[in-house]
Amino acid sequence: MLSRRTLTVVHKASSRALSTRASTILQALDIPTSNEIPGVYDGTWKGEGELFESLCPTTGEVLARVRSASPQELQLALEKSKEAYKFIRSVPAPRRGELVRQIREALAAKRDELGALVSLEMGKIRTEGVGEVQEFIDIVRYTHADYAVGLSRIMNGRVVASERPGHSILEVPNPLGVVAVLSAFNFPVAVYGWNLALSLAAGNATLWKPAPSTPLCSIAVIKIIASVLEKNGIPGAVAGLVTGGKDIGQAVVQSQDVDMVSFTGSEAVGRDVGKVVQSRFGKVLLELGGNNASIVMPDADLSLAVPAVFFGAVGTAGQRCTSTRRLYLHRSIAPTFLSKLQSLYSSLQPGDPLESATLLGPLHNRAAVGIYSNAVDRLRRAGAEILIGGSQYGSEDLKDTLTGGNFVRPTIAVPSKVDVTDAIWREETFAPILTVGVFDELEEAIGWNNGVPQGLSSSLWTKDLRNVGKWIGPAGSDTGIVNVNVGTSGAEIGAAFGGNKSTGWGRESGGDAWKQYVRWSACTINFSDEAPLAQGVNFSTSS
Ligand code: NAD
């Protein structure tokens, strides 16, 4: 098998003869298929910084070379974002809602093309790529049509009763400033969409720093948004873009010009980002790693639970923050459950994620394959039984066109015991590895569910209402998403999305998440002829 590096060099030597598979998708989105592509947008497209290659995870093909931001360009983009904020904060909120609606229309017109690009560049199967773009469209719709004239019309404060006569207290939301969105590779469109929709409706300028390995998705999305802004005479830096890697990310996070950093990524990086933003008293929203468990009770409907665990563990090749990584089975149903699950795993064939029959695409990059292999080795060393999977696909298992891809076998491992202090249970491995434990009492399984650092998603499979009460109550699951007879993976946009503990406590998307994208002020207004102090304090010199 040709290594990823070799392929890259071969392509560098040749004159960018892009495959039809890739060029059709790029052309449909107006992305040049030759030369270097500028990866910075602040009203105009530019890029004189480091060169990044976008590699196809399925074939190893170099899809494009993108110029990221130089330090000067980043500084300028930040300044332009600040100026753009001063413009957009004065645009009436319902008018901002109208912009959001137009963005939705423009995205919907290119939904399938963008979905294909997500599949091409990230590696998830096409239906999930399209689904991710649909999520962007839905959140935009949520901020507009679902609330009749949109969240932009109901981002309200409130009037609070004052204890002083002739006084009123208002809690007032105002736009925050510049919101920087740093996003992960696995949702190269939707995470930005969740943030942009709320941030723009709230009156902020948004500057996006996507993952360095998915620059094309961000460029395609920003092109669509920029055309809407331009048509409406709105400065492009209202939705700016700086592609690049860790250095650009760090500079954005450190910048005093950024009022809020919305970071989606790993716990390790999120921990640093949180500290840096906190140390300059900026606002931070963290959406970090998940280590999600499903618990299956003896009364569960296995015809629902087995396919849901299968999708949760294997969908997106285990590269969702909400992927099912731990499975706790009641002793009485464990053998039956595992045999049904194994037969679903056995039916899987790796394939090109762009083909409609494919359910299993590649991991996103070579490094992830190494992480997968190390995790499987660690499980083996710990004495775990590998029921299925446990290795990469060899070239003999793959079509010729896929031998440059990062394909691994989805794995089910049963360690000798559940010990949530052990790394095999407590660390998120961003790959399709499902670790299984057997329990006797629900309380024991809830303890295991809660015993890890992360707190993103969890699900309980039962028909017994008493179990449901325990699960969602104070002694139940401690994750941000707590499901019953619904898998851990995938969430609708209507409720606030996010996790607790080392997942970062952030909330995005629906519910009250918009309240994070504004600054709140308590305004006390005296319309009387007296000036009494609160709590009856007397500070008069005449008494
Ligand atoms: P990552 O942490 O490696 O990178 C995330 C972003 O941070 C990228 O844009 C990267 O360039 C940037 N970055 C890297 N180092 C930085 C630094 N020191 N300062 C500032 N920025 C820096 O994450 P990844 O590998 O792209 O994504 C996978 C992770 O994201 C997984 O842990 C997954 O669970 C998590 N994730 C969480 C959610 C959620 O909503 N909770 C959603 C998607 C992904």
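The model is predicted, so local features need pLDDT of at least 70 and side-chain atom pairs count only at pLDDT 80 or more, while totals for chains, interfaces and linings use all residues. Residues are numbered from 1 along each chain as its sequence is written, and side-chain values use heavy atoms, with hydrogens and water left out.

**View 1. Shell around the ligand.** The ligand is surrounded by 28 residues (a heavy atom within 4 Å), the closest being Ser183, Lys209, Ser266, Leu288 and Glu428. The shell divides into 15 nonpolar, nine polar and four charged residues; Ala, Val, Leu, Ile, Met, Phe, Trp, Tyr, Cys and Pro count as nonpolar, Asp, Glu, Lys and Arg as charged, and the others, Gly among them, as polar.

View 2. Contacts are pairs of N or O atoms within 3.5 Å. A side-chain N or O atom of Lys209 is 2.6 Å from a ligand oxygen atom. Taken alone the ligand exposes 850 Å², of which the protein buries 88% (Shrake-Rupley method, 1.4 Å probe). Elements giving two or more residues to the shell are α9 (246-254), β11 (260-264) and α10 (267-279); helices (H or I, at least four residues) and strands (E, at least two) are DSSP runs numbered from the N terminus. The largest share, four residues, comes from α9.

**View 3. The largest cavity.** Its volume is about 140 Å³. A cavity is a set of points, on a 1 Å grid over the protein atoms alone, where a 1.4 Å probe fits but cannot get out; the volume is the space filled by probe spheres set on the points, joined across faces, edges and corners. The lining has 13 residues (an atom within 4 Å of a point), with Ile424, Glu427, Thr429, Ile433 and Thr435 nearest the centre. Two or more lining residues come from each of β14 (324-330), α13 (366-381), α14 (423-426) and β17 (433-439).

**View 4. Salt bridge between Glu36 and Arg67.** The closest N and O atoms of this pair are 2.9 Å apart. The structure holds 20 salt bridges (a side-chain nitrogen of Lys or Arg within 4 Å of a carboxyl oxygen of Asp or Glu). Glu36 lies in strand β1 (residues 36-38) and Arg67 in strand β5 (residues 62-67), so the bridge ties together parts 31 residues apart in sequence.

How values were computed
A polar contact is a pair of N or O atoms within 3.5 Å; within protein, one must be able to donate a hydrogen and the other to accept it, and residues adjacent in sequence count only if both atoms are side-chain atoms. On a 1 Å grid over the protein atoms alone, a cavity is a set of points where a 1.4 Å probe fits but cannot get out, and a pocket is an open set with protein on both sides within 12 Å along at least five of seven lines; lining residues have an atom within 4 Å of a point.
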